[in-house]
Amino acid sequence: MAFPERFSNLPDYAFPRLRKLLDAHAPGGEPIAMTIGEPRHAMPEFVGPILAANLSGFGVYPPNDGTPELLAAISAWIDRRYGVTVPDDRLMVLNGTREGLFNACIALCPETKGGKRPVVLMPNPFYQVYAVAALAVGAEPVYVPATAATGFLPDYGSLPPEVLDRVALADICSPANPQGAVASADYLADLLALAEKHDFTVLADECYSEIWRKAPPPGLLQVAAAQGADPERVAVFHSLSKRSNLPGLRSGFVAAGPESMKRIRQLRSFAGAPLPLPLQRVAEAAWADEGHVAASRALYQAKFADADRIFAGVQGYKAPDGGFFLWLPVEDGEAAALKLWRETGVRVLPGAYLSRDVGGPNGTDNPGAGYIRVALVATPEETQRGLTMLRDCIYG
């Protein structure tokens with residue numbers, strides 16, 4: 001039987017790789033999971049009552065693009081958060097941002113660009129759906145280093161013109177997963193100018209936008225509006241997973257230009273899976289409420305402060321500006337993760353599992369190889385304990 005080759009070079013996904021690395025070894029203490037970005041703060045109290053009041057909604061097919069009430073709640077949130085008016089017909093509800101990012105690539109990436117194979121740009125390291133979406137449409141994924149030298153954001157403008165002229169889509173994540181870097185308004189404005197010059201669309205993954213230390217990160221929608229950019233240059237993705245501690249709700253949205261949204265909605269009508277109606281009612285309430293978001297953010301900010309204290313003096317430590325990960329420098333990410341697990345029971349993710357090898361002086365260069373990613377999603381007490389053991393084991 002013949003199978004497609006376009007995914008043949010994909011590595012195992014990060015967490016199966018981690019199990020292969022660690023699970024043959026006994027933990028050195030009571031396990032503390034600091035690997036997956038699964039929020040463990042309390043869900044909003046209104047979730048249960050709203051679900052109970054709308055159980056009959058599981059008996060009907062849900063609106064494909066989102067209920068009018070949910071789209072209105074999302075539009076109102078965008079206006080409050082970014083000062084931008086996005087009409088309902090430029091919005092669509094998603095089963096989480098991963099589904100949206102994948103399907104937007106299918107809907108928006110052309111078969112060719114200037115008669116050549118199109119390129120999809122993405123930071124390296126990155127959220128892995130960016131790469132598989134590019135491969136699914138036959139585009140060439142170009143992995144652009146996002147390292148300390150570039151402020152942990154990709155410098156797309158440094159690419160050769162012949163590459164930029166083939167770009168159809170460019171992925172950007174701010175606050176960045178895994179490094180926590182926040183793209184400034186100037187960075188986003190420059191990226192939009194580059195998109196205009198070379199005729200491509202920016203896919204902005206902003207699912208960590210509400211977890212920040214000192215100031216709300218700027219969003220691509222507000223920068224595009226201030227700049228008067230072509231709306232078709234922008235598709236922005238948000239989620240309730242991190243913002244509202246509802247990863248299991250699988251609810252997010254995409255905002256895009258009119259023609260882009262027409263194509264995204266058309267694809268969803270043929271091949272998508274709309275969000276069940278009771279979950280849309282929960283999402284409507286979540287986008288309308290900021291109290292639970294502020295309470296959760298305060299917990300993260302306290303954990304950031306603990307991390308700053310615990311890692312004070314550790315060479316190379318950089319406090320993140322947003323998100324809920326630490327991106328910690330080590331000599332070898334896999335070796336550090338294995339040592340930490342065997343000696344303490346603390347479980348972290350090697351940075352190389354989130355990046356790709358690219359050509360380098362020794363044939364390969366993986367910008368995540370010298371890092372571990374640590375998720376600050378547990379209780380403050382468990383987080384403090386895990387970070388202290390990590391410091392003593394790896395940097396002591």
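**Sheet, helices and salt bridges in a predicted model**

F7 is placed in the segment before helix 1. With a relative accessible area of 29%, F7 is partly exposed. Setting aside residues up to four places away in sequence, F7 touches V132, L135 and A136. The C-alpha atoms of F7 and A136 are 7.9 Å apart in space, although 129 residues separate the two in sequence.

Helix 1 itself, which spans residues 14-22, has A14, F15, L18, L21 and L22 as its buried residues. Viewed down the helix axis, these buried residues fall within an arc of 115 degrees, so they line one face of helix 1. The cover over the buried residues of helix 1 includes helix 13 (333-344) and strand 12 (371-375). Also part of that cover are strand 10 (346-347) and strand 11 (349-350).

Seven strands form an open sheet with mixed pairing, in the order 2-8-7-6-5-3-4. Its edges are strand 2 (91-94) and strand 4 (140-145), each of which pairs on one side only. On average, and with direction ignored, neighbouring strands of this sheet are turned by 20 degrees against each other. Strands of a sheet pair through backbone hydrogen bonds, in either a parallel or an antiparallel manner. Strand 2 and strand 8 (residues 252-256) run antiparallel and are joined by 4 bridges. Within strand 8, F253 stands opposite V93.

Helix 7 (residues 185-198) lies across strand 5 (167-173), strand 6 (201-205) and strand 7 (234-239). The angle between helix 7 and strand 5 is about 170 degrees. Helix 10, in turn, lies across strand 2 and strand 8, and runs at about 35 degrees to strand 2.

A closer look at helix 10 brings R268 into view. Which residues does R268 contact, leaving aside its neighbours within four places in sequence? The contacts are N64, M92, V93, L94, N95, E99, A273 and P274. R268 belongs to helix 10, which covers residues 258-271. Its relative accessibility is 4%, so R268 counts as buried.

Side chains of opposite charge can pair when their charged atoms come close. The count of salt bridges comes to 18. One of them brings together the side chains of D65 and R265, at 3.5 Å from N to O. D65 lies in the loop between helix 2 (47-53) and helix 3 (68-82), while R265 lies in helix 10, so this pair ties together parts that are 200 residues apart in sequence.

A salt bridge also forms between E140 and R166, whose closest N and O atoms are 3.0 Å apart. This pair links distant parts of the chain, with E140 in strand 4 and R166 in the loop between helix 6 (161-164) and strand 5, 26 residues apart. E140 counts as partly exposed at 25% relative accessibility, whereas R166 is buried, with a relative accessible area of 17%.

The side chains of D199 and R233 likewise meet in a salt bridge, at 3.0 Å from N to O. Because D199 lies in the loop between helix 7 and strand 6, and R233 in the loop between helix 8 (220-227) and strand 7, the pair ties together parts that are 34 residues apart in sequence. Are these two partners buried or partly exposed? D199 counts as partly exposed at 44% relative accessibility, and R233 is buried, with a relative accessible area of 11%. Elsewhere, salt bridges that share partners join E69, R281 and E284 into one network.

Finally, the cysteines deserve a word. The disulfide count comes to 0. C207 is in no disulfide, and the nearest cysteine sulfur, that of C173, is 5.6 Å away. A disulfide is counted for sulfur atoms within 2.5 Å. C207 is buried, with a relative accessible area of 8%. C393 also counts as buried, at 13% relative accessibility.

Technical notes:
Residues numbered from 1 in each chain as written. Predicted model: local features only at pLDDT ≥ 70, side-chain atom pairs only at ≥ 80, totals over all residues. Heavy atoms only, no water. Helix = DSSP H or I, 4+ residues; strand = E, 2+ residues; numbered from the N terminus. Buried < 20%, exposed > 50% of the residue type's maximum accessible area, 1.4 Å probe, protein only. Contact = heavy atoms within 4.5 Å. Pairing = 2+ DSSP bridges. Axes fitted to C-alpha atoms, helices over the stretch in contact; angles between N-to-C directions. Arc of directions from axis to C-beta. Salt bridge = Lys/Arg side-chain N within 4 Å of Asp/Glu carboxyl O.
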